[in-house]
Amino acid sequence: MARLLPLFFLLLITFSFVSCGIGHEIEVELAKKSQRGRYGPGSLKNYQCPGECSRRCSRTQYHKPCMFFCQKCCRKCLCVPPGFYGNKQVCSCYNNWKTKRGGPKCP
């Protein structure tokens, strides 16, 4: 019986490490799913556009035009991509709206 006690503790410690790793993977997947719903098309209301565009345009030196076009795009698409630049694939409407010359309309 005394020989089995250390083995039991070793198994208990190993199981706790394994279960913590699985729990962490589940938490990461849940975080990804919650962010997908947060940034997709139609994920915003009209009144949320100024705040989201302010975040999106905060690091550009062309703040006024960025805000103007971002809010225009947000009102149409009800979506602003995450981050300060890029990530437009998250909002397909925001990504696909082009100018007359074929360039991107949304910042």
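Two residues are said to be in contact when heavy atoms of the one lie within 4.5 Å of heavy atoms of the other. Under this criterion Gln71, once its neighbours within four places in sequence are left aside, is in contact with Pro50 and Cys53. The structure is a predicted model, in which local features need pLDDT of at least 70 and side-chain atom pairs count only at pLDDT 80 or more, whereas totals for chains, interfaces and linings use all residues. Residues are numbered from 1 along each chain as its sequence is written, and side-chain values use heavy atoms, with hydrogens and water left out.

The secondary structure of the chain comes to four helices and zero strands, where helices (H or I, at least four residues) and strands (E, at least two) are DSSP runs numbered from the N terminus. Read along the sequence, these elements give the pattern α-α-α-α. Among contacts between residues at least 6 apart in sequence, 54% join residues at least 24 apart.

Two packed helices are described by the angle between their axes and the distance between the axes. Helix H2 (residues 49-56) and helix H3 (residues 63-77) pack at an angle of about 135°, with their axes 9 Å apart; the axes are lines fitted to C-alpha atoms, for helices over the stretch in contact, and the angles run from 0 to 180 degrees between N-to-C directions. Angles under 35 degrees count as roughly parallel, over 145 as roughly antiparallel, 65 to 115 as roughly perpendicular and the rest as oblique, and H2 and H3 are therefore oblique to each other. On the H2 side, Cys49, Pro50, Cys53, Ser54 and Arg56 meet Met67, Cys70, Gln71, Cys74 and Arg75 of H3. Gln71 lies in helix H3, and its C-alpha atom is separated by 9.5 Å from that of Gly51, a residue 20 residues apart from Gln71 along the chain.

Aromatic side chains were examined next. Rings of Phe, Tyr and Trp (its six-membered ring) pair if their centres lie within 6.5 Å, and planes under 30 degrees apart count as stacked, over 60 as edge-to-face and the rest as tilted. By this rule the count comes to one aromatic pair. The rings of Phe68 and Phe69 have their centres 5.0 Å apart and their planes at 85°, so the pair is edge-to-face. Phe69 counts as partly exposed, at 31% relative accessibility. A charge sits over a ring if NZ of Lys or CZ of Arg is within 6 Å of the ring centre and within 35 degrees of the ring normal; Lys76 lies over the face of Trp97 at 4.2 Å from the ring centre, and Lys105 lies over the face of Trp97 at 5.4 Å from the ring centre.

The loop between H3 and helix H4 (92-96) holds Leu78, which has a positive phi of about 55° although it is not a glycine, and which is partly exposed at 28% relative accessibility. Asn87 is also found in the loop between H3 and H4; phi of Asn87 is near 60°, a positive value in a residue other than glycine, and Asn87 is partly exposed, with a relative accessible area of 33%. Ser92, placed in helix H4, counts as partly exposed at 38% relative accessibility.

Methods
Buried means under 20% relative accessible area, exposed over 50%, partly exposed in between (1.4 Å probe, protein chains only).
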